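Welcome! Open your viewer, get the selection tool ready, and follow along one stop at a time.

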Amino acid sequence: MSDSTIVEAASTRLQRALAALEEAVERRHELERGLSALSEQVHTLGADRARLADALDRETARAQRLDGVGREVAGRLDAAIATVRAVLATDETG
């Protein structure tokens, strides 16, 4: 093999190696962009989850307050019904 043939072969191998390296670097950049996008989505989902958890906590507390008020109203209605029955019973006997 002549020196020029050896140099040409080495140059060809170098060009192929550089092209493969460029492709590998581009693939790596694409992966990093994808990871960055996924990271942003995870952050957004985390913020949404926190917001929804807070809203759920508020609504749960509200439901508990309403349940307590409902029980109180039911007790008052029972007492009022008992009073009305007692008055009616007194009127019927009186």
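Start by selecting glutamate 26 and arginine 33, whose side chains form a salt bridge at 3.2 Å, N to O (a salt bridge is a side-chain nitrogen of Lys or Arg within 4 Å of a carboxyl oxygen of Asp or Glu). Glutamate 26 is partly exposed at 37% relative accessibility, and arginine 33 is partly exposed too, at 47% (buried means under 20% relative accessible area, exposed over 50%, partly exposed in between, with a 1.4 Å probe and protein chains only).

Before moving on, please note that this is a predicted model, where local features need pLDDT of at least 70, side-chain atom pairs count only at pLDDT 80 or more, and totals for chains, interfaces and linings use all residues. Residues are numbered from 1 along each chain as its sequence is written, and side-chain values use heavy atoms, leaving out hydrogens and water.

Next, select arginine 28 and glutamate 32. Their side chains meet in a salt bridge of 2.9 Å, N to O. Both residues sit in helix α1, four residues apart, about one turn of the helix (helices are DSSP runs of H or I, at least four residues, numbered from the N terminus). Arginine 28 is exposed at 52%, while glutamate 32 is partly exposed at 39%.

Now jump to aspartate 54 and arginine 58, which pair in a salt bridge at 2.4 Å, N to O. These two are also in helix α1, four residues apart, so about one helical turn separates them. Aspartate 54 is partly exposed at 42%, as is arginine 58 at 49%.

How many salt bridges does the structure hold? There are seven.
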